[in-house]
Amino acid sequence: QVQVEESGGGLVQPGGSLRLSCLASGGTFSAAKMGWYRQAPGKQRELVATVTSGGITDYADSVRGRFTVSRHNAKNTLDLQMDNLKPEDTAVYYCNIRRQITPTYSFWGQGTQVTVSS
């Protein structure tokens with residue numbers, strides 16, 4: 001059974017930093033795309049950052065230059081270093097692991113709350 005678990009959320013002041021971590025268990029995901037998404041109250045879930053199995057990264061325009069995504073295939077982990085945080089970064093952050101070629105799958109974690117406030 002696949003499990004995806006996020007950690008590292010919390011309350012931080014504007015301009016501060018947080019590091020989120022995601023641990024996947026119950027399988028091997030080196031061929032999957034891994035990513036972070038977030039959902040603020042009253043808004044749809046949106047992409048934050050992704051990284052392919054080959055290490056190619058992609059970022060939302062709103063976080064590019066402030067956030068850094070990284071993965072460790074051997075450990076099935078995905079991290080998100082968030083610097084210069086802004087109040088508009090406040091959201092629940094979700095880790096996703098997906099494979100879009102057969103066999104396809106998409107697994108989500110339960111999310112971790114990030115609150116940026118003074």
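This is a predicted model: local features need pLDDT of at least 70, side-chain atom pairs count only at pLDDT 80 or more; totals for chains, interfaces and linings use all residues.
**Salt bridges and an open sheet**

Asp79 and Arg19 form a salt bridge, with their closest N and O atoms 3.2 Å apart. Asp79 sits in strand E8 and Arg19 in strand E3, residues 18-25, so this pair ties together parts that are 60 residues apart in sequence.

Asp79 has a relative accessible area of 16%, so Asp79 is buried. Arg19 comes out at 40%, which makes Arg19 partly exposed.

Next, the sheet around them. Four strands make an open sheet, in the order E1-E3-E8-E7, and the pairing is antiparallel. E1, residues 3-7, and E7 stand at the edges. Each has a single partner strand, so one side of each is left without a neighbour in the sheet. From one strand to the next, the twist averages 15°.

How many bridges join E7 to E8? Six, and the two strands run antiparallel. E8 covers residues 77-82. Within this pairing, Val69 stands opposite Leu80 in E8.

Back to charges. Side chains of opposite charge can pair when their charged atoms come close. The count here is six salt bridges. I will take two more of them.

One is Arg64 with Asp61, at 2.6 Å from N to O. Is Asp61 buried or exposed? Asp61 is exposed, because its relative accessibility is 65%. Arg64 has a relative accessible area of 45%, so Arg64 is partly exposed.

The other is Asp89 with Arg66, where the closest N and O atoms are 2.8 Å apart. This pair links distant parts of the chain, 23 residues apart. Asp89 lies in the loop between E8 and strand E9, residues 91-99. Arg66 lies in the loop between E6 and E7. Those two strands span 57-59 for E6 and 67-72 for E7.

Are these two buried or exposed? Asp89 has 0% relative accessibility, and buried means under 20%, so Asp89 counts as buried. Arg66 is at 10%, so Arg66 counts as buried too. Salt bridges that share partners join Arg38, Glu46, Arg66 and Asp89 into one network.

What does Arg66 touch, leaving out residues up to four places away in sequence? Gln81, Met82, Asp83, Asn84, Leu85, Lys86 and Asp89. With Asp89, the side-chain contact is also a polar contact, again at 2.8 Å.

To recap: Asp79 and Arg19 connect strands E8 and E3, while Asp89 and Arg66 connect two loops.

How values were computed: Residues are numbered from 1 along each chain as its sequence is written. Side-chain values use heavy atoms; hydrogens and water are left out. A polar contact is a pair of N or O atoms within 3.5 Å; within protein, one must be able to donate a hydrogen and the other to accept it, and residues adjacent in sequence count only if both atoms are side-chain atoms. Contact means heavy atoms within 4.5 Å. Two strands pair if DSSP finds at least two bridges between them. Axes are lines fitted to C-alpha atoms, for helices over the stretch in contact, and angles run from 0 to 180 degrees between N-to-C directions. A salt bridge is a side-chain nitrogen of Lys or Arg within 4 Å of a carboxyl oxygen of Asp or Glu. Buried means under 20% relative accessible area, exposed over 50%, partly exposed in between (1.4 Å probe, protein chains only).
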